[in-house]
Amino acid sequence: MNPGLQYPIFGPEINCPHCRKAIPALTLTDTYLCSRHGAFEANPDTKELIHLPSGRRWRLWDDTWYRQHTHPDGIRFEIHEALDRLYTEGYKATKVIIANRYKDLVSSYLERSYPWRDSNETKSPKLYGLPVIFSPESKEDPRWEIINFSLEKEPGVPLRYPYFRLFE
Ligand SMILES: [Zn+2]
């Protein structure tokens, strides 16, 4: 018997997506148990890890868990956190690339600038004041089936920092 079959799809141990602590699989189940965050269940068909108490779902890419969002606030908050982290590392973001699979979910929440308001700007969607584009289809680049967004960045301090509003 293949010993791998006794473990859920992610193996005998994973890092908890919440606290990143190594947590063990329970023998002969698809469940991992974090002493702080409770039970996570691996779904062998969708390759998802589901936090049973909350229903939150993650997928794994390059040893990192990516939360699979079902509400625009979830991904907006995650982008906000990443922008904040960039700032503390001495970078400013110049563009946000959001996974194509979230297009329908987030489109109506993005800020838009209209040509009749500002003739220099085309009608391009923005988030926290930054231009937003959507990723290629995951057929072209499979990581976009799992990861949520990517930030283009350059060294420096942003001129405007609208995304600090949350902390004021
Ligand atoms: Zn945990």
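**Salt bridges and a zinc site**

Glu145 counts as partly exposed, because its relative accessibility of 37% lies between the limits of 20% and 50% that separate buried from exposed residues. In this predicted model, the side chain of Glu145 meets that of Arg59 in a salt bridge, with 3.4 Å from N to O. This pair links distant parts of the chain, since Arg59 belongs to strand E6 (residues 57-61), while Glu145 sits in the loop between strand E11 (130-134) and strand E12 (149-155), 86 residues apart. Arg59, at 16% relative accessibility, counts as buried.

Side chains of opposite charge can pair when their charged atoms come close, and a search of the whole structure finds five salt bridges. Another of them joins the side chains of Lys92 and Glu154 at 3.5 Å, N to O, and this pair too links distant parts of the chain, with Lys92 in strand E8 (residues 91-98) and Glu154 in strand E12, 62 residues apart. Lys92 is partly exposed at 21% relative accessible area, and Glu154 is partly exposed at 35%. Arg57 and Glu48 also meet through their side chains, at 2.6 Å from N to O; here Arg57 is partly exposed at 26%, whereas Glu48, at 10%, counts as buried.

We turn now to the metal. The zinc ion has as its protein donors Cys16 (SG), Cys19 (SG), Cys34 (SG) and His37 (ND1), which lie 2.1 to 2.4 Å from it, and in sequence these residues follow the spacing C-x2-C-x14-C-x2-H. The arrangement is tetrahedral because the four donor atoms subtend angles of 105 to 115 degrees around the zinc ion.

How values were computed:
Residues numbered from 1 in each chain as written. Predicted model: local features only at pLDDT ≥ 70, side-chain atom pairs only at ≥ 80, totals over all residues. Heavy atoms only, no water. Donors = N, O, S within 2.8 Å, 3.2 Å for Na, K, Ca; no water. Tetrahedral: all angles 85-135°; square planar, octahedral: opposite > 155°, others 65-115°. Salt bridge = Lys/Arg side-chain N within 4 Å of Asp/Glu carboxyl O. Buried < 20%, exposed > 50% of the residue type's maximum accessible area, 1.4 Å probe, protein only. Helix = DSSP H or I, 4+ residues; strand = E, 2+ residues; numbered from the N terminus.
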